[in-house]
Amino acid sequence: MLWDDFLNSIHRDWRGDGTAEDRLDDPAWFREWLHNQRLTPDNPLTERELASLKRLRALIHRMAEAFFVGGSPADEDLESLNKTMAQGAVVRKVIREEASYSLSLASTASRWPNIEAEIAASFGKLMAEGELSRIRICDNPSCLWVYYDDTKNRSKRYCDDKMCGNLMKVRRFRARRKAESGQPSSEF
Ligand SMILES: [Zn+2]
């Protein structure tokens, strides 16, 4: 989904101390990301627009976090989300690709405010149609990846069981062994 992908543009050193890297500050990464999301800005990003995108990211993160802890977002946050969506005049276009079709934004919708509106609408759609209790933040405190838990029993605690799940298992094991032996163990 667009919204969680956007939130995860803050990438953390999940194997280590959780040092965050903001990928929105990397123009090449961001261009590629927009392309993959079929978002086609017609203007290069200015400082002001970048700041605005970061505000939007913080807003959606705050709202997702509220749902994650079983609460609900503040009224003013909902209002900000609605304002962001209101700035988007969206023209959609179906594009034929051999036997399949994809939905894309027409070029008239390529101003930055429209792109913001698209991202906000992706979260708005989830709020309206998704299951809010499935919004998760990875249990690895160094990771904090935001995702939508689509497993049947809603028990997904990590963004990826093979990565963060395993890492945390190893950490718990080492902590236990350290506690049992009274020996310091090597950190990772
Ligand atoms: Zn994770």
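## Helix packing and cores, question by question

Author: Let's begin with a pair of helices: α3 and α5 pack at an angle of about 5 degrees, and their axes are 10 Å apart. This is a predicted model, where local features need pLDDT of at least 70, side-chain atom pairs count only at pLDDT 80 or more, and totals for chains, interfaces and linings use all residues. Residues are numbered from 1 along each chain as its sequence is written, and side-chain values use heavy atoms, with hydrogens and water left out.

Reader: What makes α3 roughly parallel to α5?

Author: Angles under 35 degrees count as roughly parallel, over 145 as roughly antiparallel, 65 to 115 as roughly perpendicular and the rest as oblique. The angle here is about 5 degrees, so α3 is roughly parallel to α5. Axes are lines fitted to C-alpha atoms, for helices over the stretch in contact, and angles run from 0 to 180 degrees between N-to-C directions.

Reader: Which residues of α3 and α5 meet?

Author: Contact means heavy atoms within 4.5 Å. From α3, Glu49, Ser52, Leu53, Leu56, Ile60, Met63, Ala64 and Phe67 meet Trp112, Glu116, Ile119, Ala120, Phe123 and Met127 of α5. These residues divide into 11 nonpolar, 1 polar and 2 charged. Here Ala, Val, Leu, Ile, Met, Phe, Trp, Tyr, Cys and Pro count as nonpolar, Asp, Glu, Lys and Arg as charged, and the others, Gly among them, as polar.

Reader: How do you know whether Gly124 is buried or exposed?

Author: Buried means under 20% relative accessible area, exposed over 50%, and partly exposed in between (1.4 Å probe, protein chains only). Gly124 has 19% relative accessibility, so Gly124 counts as buried. This residue lies in helix α5, and its C-alpha atom is 8.4 Å from that of Asn82, 42 residues apart along the chain.

Reader: And what makes Ala99 buried or exposed?

Author: Ala99 has a relative accessible area of 72%, so Ala99 is exposed. Ala99 sits in the loop between β3 (92–97) and β4 (100–105). The C-alpha atoms of Ala99 and Ala28 are separated by 31 Å, and the two are 71 residues apart along the chain.

Reader: Which residues touch the most other members of the largest nonpolar core?

Author: A nonpolar core is a set of buried Ala, Val, Leu, Ile, Met, Phe, Trp, Tyr and Cys residues joined through side-chain atoms within 4.5 Å. The largest has 28 residues, and Trp3, Trp33, Ile60, Ile119, Phe123 and Ile135 touch the most other members. Its largest share, 8 residues, comes from α3. Beyond its neighbours within four places in sequence, Ile119 is in contact with Leu2, Trp3, Phe6, Trp33, Leu53, Leu56 and Ile60.

Reader: How many helices and strands does the chain have?

Author: The chain has 6 helices and 6 strands. Helices (H or I, at least four residues) and strands (E, at least two) are DSSP runs, numbered from the N terminus. Of the 188 residues in the chain, 35% count as buried.
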